[in-house]
Amino acid sequence: MENNLRKPPFYFSNWFFLFVFCVSFPIFSQSQISLRSIDLTSYPNVKLRLHVNGELDLSGYTLSEQLGNTARFTDGFQLSRFEKKNPLYLSISIPSYTNSEDRRWLLTLVNQLVKVSEQSGGQAKLHIQSDDKFHVFERIRSQVLDVSFPFPKEKIPQFPIRNWEKLVGSIPKNETSEDHILLLVSFSKEWPDRFEIPEFAKQIREKGLKLIVLSPHSLEANKLVSYAKGDFYPISKQESFESLFLNLKETMSPDLELSYISPWKLSLWKENEVNGSLTSVPTGIQFGFQYEITPFQTLYLKISDPFVFFPVSLFLICLCIASLYYLRGFEQTNADQVRQPSLTPVSNVENLERRDELEVYDRMYGETLEKAAKDREIALATKERTILPGTSYTYAVIQVREGNQLYDPIPLQWSEMTIGNFESNHIVLHDPTVSGLHAKIKNRKGKYILFDCVSEGGVYLNGRKLLRPKVLHNLDEIQLGKSILTFRGRY
């Protein structure tokens, strides 16, 4: 950290939102231990998913459950560690730069934060603070955060909290047990819109986000961290960055599972509220939790069990199909009985009238409906044989260049391939100036046709805007936003 991330060139002025398998919430916990979820699917075997900062020695701990005014100790408990790391989902907000040294320092900071998120298996979002525009880079990767990164230069925002409110508004609510972290970087000591701090902190808590503020010492920063129950790191101290990255690495460490047999062994069809406590007498550390058993939750757990859900669903589907088949046959039988006396004569009359109509139509217009249908088939076959102008290729690729970054060639192996900023496209461009679905390339008998999918910035082929679909030739250059795509074809 000391070699890669230095101090800035000048002095810049726990509760988690828990999703528990049943209704549960922590009562009290030290900062070392935090509760993620409680699993009661195999009650009286209770499983707690815990996150621990640092090492945890449970040799001197006792576990008890309290029902009403009576408490009972468990016979023992088991502790195991999950194999997968806890993914970190970072939403990073940084100010713009004033000189090249500030730009280099900010990019280095964000690069290392995104690397930590990638190592944990999570994702990162980058927000550039601005009063006029909303600059957001979704799912940003660490390898693009280099000197060629298109870092927009903006003025120092006069209302930073309003900028951050836009960012929080674009983040979906966290309804999982994973860590979604909002990391705010500020160079200012005073925030003119400080009166919005309580409402902003409320939005952070409602979204289930963990707040981290990296800024100079100020009353506004301390108030925001206090209201949102977050962490504060002074930006002017080198120790802050070491502590920040150390805490992030501890946060992404694998969770622990503590399992034990409940001493009460309550009925699942009665409503009860149980308070649990993990206590260390020598150290005085106490971690409390609570879970609730209700008939509604028990019914939900039973139905969600795969060994119950799938057989019951299959039985209901078969019952519906059998009922529909029986009702259909019953109605058909009744209808046949009603129409039985007059079925034959009406059918003969309709066939005679139809044949007379076709004969009249043939005498008047010289063709019948069957002949017209054959003519339409011939017209469609002739249209398919129409020869398009251009060259046919047996193999073609697209070479993508974003700034100074040149990617591997992408084969055009499908009959239709879409290009854009959405992850669902065949060719994904991580360029904010590119629309979600920007363009597409169709392969028609070896000829590759370029289409503009009504994009905002338009499509440029060899420097000219594409006004209608055109056939691509070897070494044609396609410009989408700030990205350049080169078409290469082989006969």
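Which residue in E8 does serine 93 stand opposite? The views below, taken from a predicted model, begin with that pair.

**View 1. Strands E7 and E8 run parallel.** Serine 93 stands opposite histidine 127 in E8. Strand E7 covers residues 88-94 and strand E8 residues 124-128, and five bridges join the two.

**View 2. An open sheet is formed by six strands.** Their order is E9-E8-E7-E10-E11-E12, with mixed pairing. Strand E9 (135-137) and strand E12 (231-234) each have a single partner strand, so one side of each edge strand has no neighbour in the sheet. From one strand to the next, the twist averages 15 degrees.

**View 3. A network of salt bridges links Arg36, Arg49, Asp179 and Asp255.** In the salt bridge between arginine 36 and aspartate 179, the closest N and O atoms are 2.8 Å apart. Arginine 36 lies in strand E2 and aspartate 179 in strand E10, so this pair ties together parts 143 residues apart in sequence. Arginine 36 also forms a salt bridge with aspartate 255, with the closest N and O atoms 2.9 Å apart. Aspartate 255 lies in the loop between H5 and strand E13, 219 residues from arginine 36. Arginine 36 counts as buried at 3% relative accessibility, as does aspartate 179 at 1%.

**View 4. Glutamate 138 and lysine 125 meet in a salt bridge.** The N to O distance is 3.4 Å. Lysine 125, in strand E8, is buried, with a relative accessible area of 9%.

Note on methods. Residues are numbered from 1 along each chain as its sequence is written. This is a predicted model: local features need pLDDT of at least 70, side-chain atom pairs count only at pLDDT 80 or more; totals for chains, interfaces and linings use all residues. Side-chain values use heavy atoms; hydrogens and water are left out. Two strands pair if DSSP finds at least two bridges between them. Helices (H or I, at least four residues) and strands (E, at least two) are DSSP runs, numbered from the N terminus. Axes are lines fitted to C-alpha atoms, for helices over the stretch in contact, and angles run from 0 to 180 degrees between N-to-C directions. A salt bridge is a side-chain nitrogen of Lys or Arg within 4 Å of a carboxyl oxygen of Asp or Glu. Buried means under 20% relative accessible area, exposed over 50%, partly exposed in between (1.4 Å probe, protein chains only).
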